[in-house]
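Open the model in your viewer and keep the selection tool at hand. The stops below say what to select next and what is there.

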Amino acid sequence: MKYQSQRVALGYFAVALSLFAVQVLAGLLAGWIYISPNTLSVILPFNIVRMIHTNALVVWILMGFFGAAYYLVPEEAEHELYSEKLAWAQLIILTVGALGAVVSYLVGIHGGREFLEQPLWVKVGILVGALIFLFNITMTSLAGRKTAITNILLLGLWLLSLLWVFAFINPDNLSLDKMYWWFVVHLWVEATWELVMAAILGFLMLKLTGVDREVIEKWLYVIISTALFSGILGTGHHYFWIGAPGYWQWVGSIFSTFEVVPFFGMMSFAFVMVWKGRKNHPNKAALLWSLGSSTVAFFGAGVWGFLHTLHGVNYYTHGTQITAAHGHLAFYGAYVCINLAVMTYALPLLRNREPYNQALNIASFWLMTSGVAFMTFVLTFAGTVQTHLQRVMGMYYMDVQDQLWLFYAMRFGAGFAVVLGAILFIYSSAVIRRDRPAAQAALQPGE
């Protein structure tokens, strides 16, 4: 750790990992309810479990992004954080908001809009926290060195914070409601979050491989250009069937096809940087998570997204388990893995320790990745069967669900592996060993 104010990231990473545990446990419970639908149906119905699962996912990923920014921006800017107190205040606001949202869901208080179910006061708290963050991190950047990594990170975080304003807009017209809703959901995960992912990945490649900054920056500019070019108009693939004009079927199909490009670029970027790299960094686990993130993101967000994004295909597959397959693999690869990568890199430095428990950390990567991959294949087959029986043959929805029981059982088994991997990651990150002199000498702060 080069700068004292980087320690703020520890608080964000701790809260993020706590919510990560909540998210995967709620997901495991939701997976079991697919097998045994009456489980906890009175005290904890499925719609509440799903809210906790998806909201915890979004919030812990954002917490990870904020923690990553508070770690890497001072180092990139070569300047202490503008205000540690503001950063801690932001963490308290967001944590109280997250806990308040969960409690509200448990007692039946929610907004009803998927991913945006938070009560109004929680939405306001998130907006206040985002404004505090933007002020703090922007002032830090302006006071120090300007780099492409910082600029891209700030662009992504500014845009995702501004798009949150649409979470407050809820028109009576259902088509308009969905259009504004996708401004938040799609333009977060398929545009602005991609910028944040690219910036964090660029920072990790810079530190782990030793490739010249100029080379990394050129790659990053190409990646974010393609991400914004394809992601903004690619929103149209959500407008196919919500009552929007018919031209969106062609706009959405064409630009969604290009959404594969930035993820292929990030995967190529990561592997080329490692191939060109001249540094044998001791933190092998962080490098594995970085390469894994770019690779799984390409398949999850790129390939599996493309499988059902053309409107002629989406007409049949929309809302089936194929969507769930794409969503699980894409979120895991693009955003879960990149957060766990930066935590794996930063936590030893923040704790002034060697890269501890790397064997356990690496095992957690393979356990979680294998679990999510198997889950994706299972849900893909389930969605294919569902599409044929329900959308082609015209069988009733619940009759089709009865035919998918075996797929749901296998999905639950995969989810159990993911939970074990998540617990192993948290354990390997929390258990601290004393440095050996050789390892301590090999790992200098900031490398």
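Predicted model: local features only at pLDDT ≥ 70, side-chain atom pairs only at ≥ 80, totals over all residues.

**Starting point**

Select isoleucine 322, which is found in helix α12. Helices here (H or I, at least four residues) are DSSP runs, numbered from the N terminus. Isoleucine 322 has a relative accessible area of 11% and is therefore buried. Buried means under 20% relative accessible area, exposed means over 50%, and partly exposed lies in between (1.4 Å probe, protein chains only).

Residues are numbered from 1 along each chain as its sequence is written, and side-chain values use heavy atoms, with hydrogens and water left out.

How many cavities of 30 Å³ or more does a search of the whole structure find? The search finds one. On a 1 Å grid over the protein atoms alone, a cavity is a set of points where a 1.4 Å probe fits but cannot get out; a pocket is an open set with protein on both sides within 12 Å along at least five of seven lines; and lining residues have an atom within 4 Å of a point. Grid points are joined across faces, edges and corners, and a volume is the space filled by probe spheres set on the points.

The largest cavity holds about 60 Å³ of space. To see its lining, select Asn283, Ala285, Met343, Thr344, Leu347, Pro348, Pro355, Tyr356, Gln358, Asn361 and Ser429. By type, the lining has six nonpolar residues, five polar and no charged. In this count Ala, Val, Leu, Ile, Met, Phe, Trp, Tyr, Cys and Pro are nonpolar, Asp, Glu, Lys and Arg are charged, and the others, Gly among them, are polar.

**The second largest pocket**

Next, select Ile33, Tyr34, Ile35, Pro37, Phe46, Tyr397, Met398, Gln401, Asp402, Trp405 and Tyr408, which line the second largest pocket. The elements that give two or more residues to this lining are α1 (8–35), α14 (397–403) and α15 (405–430). The largest share, four residues, comes from α14. Nine of the lining residues are nonpolar, one is polar and one is charged. The space in the second largest pocket is about 280 Å³.

**Salt bridges**

A search of the whole structure finds seven salt bridges, each a side-chain nitrogen of Lys or Arg within 4 Å of a carboxyl oxygen of Asp or Glu.

- Select arginine 7 and glutamate 84: their closest N and O atoms are 3.0 Å apart. Arginine 7 is in the segment before α1 and glutamate 84 is in helix α3, 77 residues apart, so the pair links distant parts of the chain. Arginine 7 is partly exposed at 37% relative accessible area, and glutamate 84 is partly exposed at 21%.
- Select arginine 213 and glutamate 76, whose side chains meet at 2.7 Å, N to O. Arginine 213 lies in helix α7 (residues 213–233) and glutamate 76 in helix α2, so the pair ties together parts 137 residues apart in sequence. Both residues are buried.
- Select arginine 145 and glutamate 78, with 3.6 Å from N to O. Arginine 145 is in the loop between α4 and α5, and glutamate 78 is in the loop between α2 and α3, 67 residues away. At 30% relative accessibility, arginine 145 counts as partly exposed.
- Select Arg50, Glu114 and Glu117, which are linked in a network of salt bridges.

**Two backbone angles**

Return to glutamate 78, which has a positive phi of about 55 degrees although it is not a glycine. Its relative accessible area is 47%, so glutamate 78 is partly exposed. Then select phenylalanine 115, in the loop between α3 and α4 (120–143). Phenylalanine 115 is also not a glycine, and its phi is positive, near 75 degrees.
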